[in-house]
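The points below may be read alongside the sequence and the model.

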Amino acid sequence: MTGVNLTAWILGILLGLMIFLLIFRIILTWYPQVDLNRFPLNLITWPTEPFLVLLRKLVPPIGGVDITPIIWVGIFSLLREILLGQQGLLTMLSRVS
């Protein structure tokens, strides 16, 4: 396994996991009474909150709805496609080597 393949494999897992966690975080916003600091749910909150805090400074809630998780899902999906898609940068590099 080359370095490019290993990097692509690790990035694929990380980006996929972040997209999954953010989608789950979007679903959790439908239930405002849920405590995100309790054990099973804090495993979703801790990795996603630093990203959301950064973007919340730039994008305020629209009509009381926090859209930052949706924006991050789009960003991570775009990154995954650019790097690991069928014609992604790392995919093309792995074909060359």
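1. A salt bridge is taken here as a side-chain nitrogen of Lys or Arg within 4 Å of a carboxyl oxygen of Asp or Glu. The model under discussion is predicted. By this criterion, Glu-49 forms a salt bridge with Arg-56, and the closest N and O atoms are 2.6 Å apart. Arg-56 has a relative accessibility of 31% and therefore counts as partly exposed.

2. How many salt bridges does the structure hold? The total is three. Side chains of opposite charge can pair when their charged atoms come close. Another of the bridges joins Glu-49 to Arg-25, where the closest N and O atoms are 2.6 Å apart. This pair links distant parts of the chain, since Glu-49 belongs to helix H2 (residues 39-56) and Arg-25 to helix H1 (residues 3-28), 24 residues apart.

3. Arg-25, at 6% relative accessibility, counts as buried, because buried means under 20% relative accessible area.

4. Arg-56 also forms a salt bridge with Asp-66, the closest N and O atoms being 3.0 Å apart. Here too distant parts of the chain are linked: Asp-66 lies in the loop between H2 and H3, and Arg-56 in helix H2, ten residues apart. With a relative accessible area of 24%, Asp-66 is partly exposed.

5. The aromatic rings form a separate topic. A pair of aromatic rings is described by the distance of the centres and the angle of the planes. The count comes to four aromatic pairs. In one of them, the ring centres of Phe-51 and Trp-72 are 5.2 Å apart and the planes stand at 65°, so the pair is edge-to-face; the cut-off for this class is an angle over 60 degrees. Phe-51 lies in helix H2 and Trp-72 in helix H3, so the pair ties together parts that are 21 residues apart in sequence.

6. Phe-51 is partly exposed, with a relative accessible area of 28%, whereas Trp-72 counts as buried at 13% relative accessibility. Phe-51 and Phe-76 form an aromatic pair that is likewise edge-to-face, at 5.4 Å centre to centre and with 80° between the planes. This pair links helix H2, which holds Phe-51, with helix H3, which holds Phe-76, across 25 residues. Phe-76, at 6% relative accessibility, counts as buried. Phe-51, Trp-72 and Phe-76 form one aromatic cluster.

7. How do the axes of helices H3 and H4 run relative to each other? The axes of helix H3 (residues 68-84) and helix H4 (residues 89-96) come within 3 Å and cross at roughly 15°. That makes H3 roughly parallel to H4, because angles under 35 degrees count as roughly parallel.

8. Which residues make the contact of these two helices? On the side of H3 they are Ile-82, Leu-83 and Leu-84, which meet Leu-89, Leu-90 and Thr-91 in H4. The residues of this contact of H3 with H4 divide into five nonpolar, one polar and no charged.

Technical notes:
Residues are numbered from 1 along each chain as its sequence is written. This is a predicted model: local features need pLDDT of at least 70, side-chain atom pairs count only at pLDDT 80 or more; totals for chains, interfaces and linings use all residues. Side-chain values use heavy atoms; hydrogens and water are left out. Axes are lines fitted to C-alpha atoms, for helices over the stretch in contact, and angles run from 0 to 180 degrees between N-to-C directions. Helices (H or I, at least four residues) and strands (E, at least two) are DSSP runs, numbered from the N terminus. Angles under 35 degrees count as roughly parallel, over 145 as roughly antiparallel, 65 to 115 as roughly perpendicular and the rest as oblique. Contact means heavy atoms within 4.5 Å. Ala, Val, Leu, Ile, Met, Phe, Trp, Tyr, Cys and Pro count as nonpolar, Asp, Glu, Lys and Arg as charged, and the others, Gly among them, as polar. Buried means under 20% relative accessible area, exposed over 50%, partly exposed in between (1.4 Å probe, protein chains only). Rings of Phe, Tyr and Trp (its six-membered ring) pair if their centres lie within 6.5 Å; planes under 30 degrees apart count as stacked, over 60 as edge-to-face and the rest as tilted.
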